Amino acid sequence: MSDQIFITEEIIDGADDGPLAGTTVAVKDNISTEGVRTTCGSAMLEEYVPPYDATVVTRLKEAGATIVGKTNMDEFGMGTTTETSAFGPTENPVAEGRVPGGSSGGSAAAVAAGEATLALGTDTGGSIRCPAAFCGVVGIKPTYGLVSRYGLVAYANSLEQIGPIAPTVEEAATLLDVIAGPDDHDATTREEGADADYANAADGEVDGLDIGVPTELVEGADEGVVERFWDAMDDLEAKGATVHEVSLPSVEHAVEAYYVIAMSEASSNLARYDGVRYGNSGGFDGNWNETFSETREEAFGDEVKRRILLGTYALSAGYHDKYYKKAQDARAWLKQDFDSAFEDVDVLSSPTMPTPPFELGESLDDPLQMYLADANTVPVNLANLPAISVPAGETDGLPVGVQFIGPKFGEKRVIRVGSALE
């Protein structure tokens with residue numbers, strides 16, 4: 001179904017009290033839920049039922065939330081539209097005939113359509129912020145290490161984070177308060193920012209705040225998107241913030257570096273889906289190599305196969321230094337550029353997405369178009385920084401989002417400035 005939001009609508013009840021008591025939450029279908037299917041939008045895991053809860057799911061239940069279902073997504077998180085899902089695309093509930101963004105498109109659509117109060121998504125290269133912008137809701141990509149990834153089905157370990165999607169900044173921050181904090185099951189989590197009380201940061205106070213606008217992240221964006229972006233900056237200046245342009249030269253290479261790294265990590269992570277250890281076996285005859293090949297050919301979609309092939313190629317003998325090492329060098333350069341920028345500004349800002357939501361089917365025949373659409377979001381993941389996308393009006397009746405980026409564990413800053421724009 002073109003309007004599909006949920007993969008499964010099984011109800012998971014939380015505690016009787018807590019900060020999220022009486023709140024409904026939708027959970028992206030790559031986050032493990034004990035006894036409830038977790039498919040990652042793939043035929044490979046169509047019948048997979050995890051034997052345990054992800055840490056974020058445990059924390060939701062302890063906080064009193066009711067989980068109302070698992071949401072549709074691009075297969076294994078690989079896409080910007082939800083159209084690579086094995087179960088069909090989700091239609092944008094606020095823009096008929098348009099995609100909701102991805103890969104957390106089902107989560108953003110559930111919130112925008114009122115099917116859930118809040119939702120969890122995951123962000124590997126913009127997969128929370130993109131659908132938040134396309135559906136006119138709020139999405140937060142936390143600093144790497146703030147939220148546990150235990151129970152998240154891995155796509156690209158060094159890039160991805162679980163984060164909240166909500167109608168307002170304060171509600172997103174409240175959900176972040178629940179899921180943030182160290183976890184013994186995930187050695188990448190940190191104590192820093194664990195008890196920050198993010199909801200109280202949504203006070204809209206930006207007087208004296210210095211906002212830098214990277215020119216490289218505004219140039220080339222759709223004219224209507226750029227107009228709404230500068231309208232938002234004018235609004236913040238009227239509230240006492242200072243806005244000025246800055247330069248991040250390294251972002252020119254961010255998309256290329258991101259896709260080499262993400263695809264390389266994906267090729268390694270998805271090797272486990274061989275029909276023996278994990279995944280649909282397909283009942284094929286022949287030796288292990290033949291069964292392995294036929295299982296993956298049948299159960300993986302085209303975009304997943306494309307990324308596995310490209311990632312394996314980038315890691316292969318003779319090409320590792322030419323592609324993967326250079327991508328990591330570009331990543332280090334990008335981190336240095338961000339560190340330098342934050343010596344002079346409090347937050348950085350750009351349009352979340354360079355275009356309004358695509359029409360359904362528009363990008364399927366041109367994967368490169370889909371990859372380039374991530375130009376404004378992937379730098380944040382490469383640098384492991386926090387960012388928020390908040391609604392900034394419409395262009396031609398289609399939602400536009402503005403992104404605010406903070407230094408590591410600077411979630412309070414982006415929440416504060418995001419709430420000011422509301």
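**Where helix 4 meets helix 12**

Analyst: Happy to! In this predicted model, Val169, Ala173 and Leu176 of helix 4 touch Glu411, Ile415, Gly418 and Ser419 of helix 12.

How do the two helices lie against each other? Two packed helices are described by the angle between their axes and the distance between those axes. Helix 4 covers residues 169-179 and helix 12 covers residues 411-421; their axes come within 9 Å and cross at roughly 160°. Angles over 145 degrees count as roughly antiparallel, so helix 4 is roughly antiparallel to helix 12.

Arginine 416 forms a salt bridge with aspartate 203, with the closest N and O atoms 3.0 Å apart. Arginine 416 sits in helix 12, while aspartate 203 belongs to the loop between helix 4 and strand 7 (210-214), so this pair joins distant parts of the chain, 213 residues apart. What about their exposure? Aspartate 203 is partly exposed, with a relative accessible area of 45%, and arginine 416 is likewise partly exposed, at 26%.

Elsewhere, glutamate 297 pairs with lysine 305, their closest N and O atoms being 3.3 Å apart. Here glutamate 297 is exposed, with a relative accessible area of 53%, whereas lysine 305 counts as buried at 19%. Finally, Glu303, Arg306 and Arg307 are joined in a network of salt bridges.

Note on methods. Residues are numbered from 1 along each chain as its sequence is written. This is a predicted model: local features need pLDDT of at least 70, side-chain atom pairs count only at pLDDT 80 or more; totals for chains, interfaces and linings use all residues. Side-chain values use heavy atoms; hydrogens and water are left out. Axes are lines fitted to C-alpha atoms, for helices over the stretch in contact, and angles run from 0 to 180 degrees between N-to-C directions. Helices (H or I, at least four residues) and strands (E, at least two) are DSSP runs, numbered from the N terminus. Angles under 35 degrees count as roughly parallel, over 145 as roughly antiparallel, 65 to 115 as roughly perpendicular and the rest as oblique. Contact means heavy atoms within 4.5 Å. A salt bridge is a side-chain nitrogen of Lys or Arg within 4 Å of a carboxyl oxygen of Asp or Glu. Buried means under 20% relative accessible area, exposed over 50%, partly exposed in between (1.4 Å probe, protein chains only).
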